[in-house]
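I wrote down what I looked up, in the order I looked.

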Amino acid sequence: MRTILHVLCFCFACIQLHAQHQINGKIIDKKTGEALAYANVLIKNPDNKSIITYAYSNEKGVFILEDIELDVILLEVDMMGYQPYHTILEGDALHIELEIRLTEDTSQLEEVNIIAKKKAIRISGDKMIFNLEKLGIITSSNGLEALRQLPGVSLDKDENVQFRGNADVQLMINGKPTLLKGDALREYIRSLSGQNIENVEIIAQPSARYDASGTAGIININLKQPKAASFSGNVYSSVGYAEYFKNRNGLNLYYNDSKWNINLGANYNRNNSVNHRNITQTIQLEDSIKVLDQQNEWLPKTISKNFTAGIERNFSKNHKISTAFNYANSHSSELTLGTTNEYGNDNLYRQVKLRKEIEEPTKNTSGNLFYNYISDSLDTQLDVQLNYADYEKSQEGLLQNTYPINPTPQNEFLLDIFEEIHYKLFTAQADGQHRFSKQLKLESGAKLSRIKMNYSSDYAANDSSQLFIPEDLLTNNFTYKEQLFSAYIQGSYQWGKWNVLTGIRAEYIDYSGFSEQLNQTNSNNYIAWFPSMSINYEKENHQYRLSYSRRIGRPNYLDLNPYYQYLDPYTLEIGNPALQPQFYHSFEVNYIYKNAMSASLYGNFYNDQLTSVIDYRDNENYNLLFTANGATGNRLGISLNLPFEPTDWWNFQFSFDGYHTREESKIVNFSYDRSGFGYSMEMYHNLTLKDNWTLNASGFYSGRSQSGNSVMNPLYDISVNVKKILLDDKLKLELGCQNILKKSMWNSVIQQDNVTTHWINRWETRKFVFGVTYNFGKGTSKKVKSTSLQEESSRM
């Protein structure tokens, strides 16, 4: 009996010796008491300082560390902007909930270094997460200015967001897509204050939980959560001048407390602008050279109005419901003036004068209903949402051709134009996730979407003999219906410094289009599978990731319409109901050093690419424009981002993207097999000066690049912006000049068989802007979940 007791005592001692502990607690600001998110918590061996495990505090400042076998540990907490914290834990201290208070660190860097700020950039699953404050991106920035400072992100000539030069990128707020497009989307992002953005996630290889469409990935903006009941807002106004004046004005209101979150926003914008277009086509014929030299000026005058409202109600710490509504209305008056000179062996043969006047009203209404459940343990989460949108646009106007020079006398040509398009979109989706352990988490979900489009056009010509086609083909009534069902499952597993995320998504689509004039129905249905995977590894100052996903690019709804559109005496545009989706295999290797410097190797392999075709018809002497499948190829590239901080008042970032493309097309009359290189560089400087002055300067250079049979000529420019903050950070004045050198434009050469097309689009480039923003109230804004129809609306 005594022997048995000795054995039991020995086993009990062994169990005690190898007992596993769980350390949990909360990290707060010592002065304000606010919870601190994304603090780095390390458990080390106190003897040799080796790292045993680590974690990051969540949005509530809470952290949990499990499976700790040592009875004496060293706990360290590190967070940018705060003094390091460390303590020895043993005995009873291993079993109590900790409250760690961090003290703000006011010390500054005194030498030039690559910015090495804790968790300024980190990898999590399929995301690269950028903390703007820790990166040194100015908090006085608006949303657009903040985004353009991130690696690979740029703004086009209309300040629309691009990623690696591709505009096919999904923009999300707090993890939910927004239906807003064009001016409304741009102003919505601009209205966000940089100081209210918690972080930005760039998802270049989206996992299975996201829609499979889109070729440029996802950019998600996460806003800071309110700490206490507050009312806040801002009102802004700015005026700009390039070749014409433009004006934008807006108001945003936010109210937050423990139960309610209410947003209201409105903006009113007037934008007069111009686009100078020059298209020169050189056609090598058997015994002569023909040149078509077309110069157009497009002058749109647009007034746009937008209103948004959102209400979110927390019924308990577990349940939340919200609804959001958006109404956008715009009216554009567009005047196009053009001259086309046709030369034969350097002799002017024919001249056509074009005048086109169009009125284009647009109306967009969207809304959603969203429900969220989170369990007490935070291990289980469920999201359910319904979304709808109603979009209407019409065009009405007159096109006029006159012929000052013509070998054969020709009467003036008049064409009455009327087009109307109406979209109705609806989606329902549910997403759930459950964490089975610290290591294992599973996610799954399903989505149903329905789209209906009605299109009608009616053209009437005074002389149908001047058309390329019979006049009755310019009258078109087209109905398109689509239903898509998708489902996914994915899991992530964490062990030590490794993390694996893998999943698969299945999508079934059924669509049909009916043309009344042709009495023709085109329909199709198919199932497509989209696997995805990412493997992450982190060790001290180094983070690595390898990721892969399969993606799809679907045709625009209107491209499937067998329509005919007369553009000018040398150009006819047609639809293509035979279009099929394009598929991409996409991979990326990421490396992050000291949570700041990043490098990526990426590649896209595609087939059946949707290609814009310019088919010159020699016999009829006009260009046929349409979209077709047929290009197969790849793009392999490298991107780098190097942030520097020479002083505490000056930081700058240098970005580089270089790539090689190869593409082959077997499209009839548009075949080619070519490859080439391209690269671009950008530098962004931010100087925080005395008395609340801030100076920003940026510049870019895009070298000569080739993609398929198109060559882009070099482009470059610089921009500057100065800001002054007054009245305790409430009033912001800013003055800037964009594209000072006036070298930013579209400048490409397309070589196809015996036709060389040199295409230049020059927008208003050098633009001066003066703006005033006044922030009132206290607290941070928190946006209500917006309508989730990005995939469906992107094809309108």
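The model is predicted.

**Entry 1**

I started with strand β2, residues 40-44, and strand β5, residues 72-78, which pair in the antiparallel sense over 5 bridges. Here Asn-40 stands opposite Asp-78 of β5.

I then followed β5 to strand β6, residues 85-90, and found 6 bridges joining these antiparallel strands. In this pair Val-77 faces Tyr-85 of β6 as its opposite residue.

On to β3: β2 and β3 are antiparallel too, with 5 bridges. Ile-43 stands opposite Thr-53 in β3.

Put together, I have an open sheet of 4 strands in the order β3-β2-β5-β6, with antiparallel pairing. Its edge strands are β3 (51-56) and β6, each of which pairs on one side only. I noted an average twist of 20 degrees from one strand to the next.

Next I looked up strand β30, residues 520-539, which holds Ser-534. Which strands pair with it?

Strand β29, residues 498-515, pairs with β30 in the antiparallel sense over 18 bridges. Ala-506 stands opposite Trp-529 of β30. The two strands form a hairpin with 4 residues between them, and Asn-519 in the turn has a positive phi of about 50 degrees.

Strand β31, residues 542-553, is joined to β30 by 8 bridges and also runs antiparallel to it. Leu-546 of β31 is the bridge partner of Ile-535. This pair is a hairpin as well, with 2 residues between the strands; in its turn Glu-540 has a positive phi of about 50 degrees.

Is Ser-534 buried or exposed? I call Ser-534 buried because its relative accessible area is 2%, and the cut-off for buried is under 20%. Leaving aside neighbours within four places in sequence, Ser-534 is in contact with Gly-125, Asp-126, Asn-499, Val-500, Leu-501, Arg-545, Leu-546 and Ser-547.

**Entry 1: a loop residue**

I went to the loop between β35 (597-617) and β36 (622-647), where Asn-621 is found. With a relative accessible area of 14%, Asn-621 is therefore buried.

What does the side chain of Asn-621 touch by a polar contact? It is joined to the side chain of Lys-290 at 3.3 Å. Apart from neighbours within four places in sequence, the contacts of Asn-621 are Lys-290, Leu-292, Glu-342, Tyr-570 and Tyr-616.

**Entry 2: nonpolar cores**

Last I looked up the cores. The largest nonpolar core has 30 residues, and Leu-399, Phe-413 and Leu-415 have the most contacts inside it. At least two residues of this core come from each of β23 (347-374), β24 (380-405), β25 (413-435), β33 (571-574), β35, β36 and β38 (670-688). β36 gives the most, with 5 residues.

I listed the contacts of Phe-413, again leaving aside neighbours within four places in sequence; among them are Leu-399, Gln-400, Asn-401, Tyr-403, Ala-461 and Tyr-566.

Definitions and conventions. Residues numbered from 1 in each chain as written. Predicted model: local features only at pLDDT ≥ 70, side-chain atom pairs only at ≥ 80, totals over all residues. Heavy atoms only, no water. Pairing = 2+ DSSP bridges. Buried < 20%, exposed > 50% of the residue type's maximum accessible area, 1.4 Å probe, protein only. Contact = heavy atoms within 4.5 Å. Polar contact = N/O pair within 3.5 Å; in protein donor to acceptor, adjacent residues only side chain to side chain. Axes fitted to C-alpha atoms, helices over the stretch in contact; angles between N-to-C directions. Core = buried A, V, L, I, M, F, W, Y, C linked by side-chain atoms within 4.5 Å.
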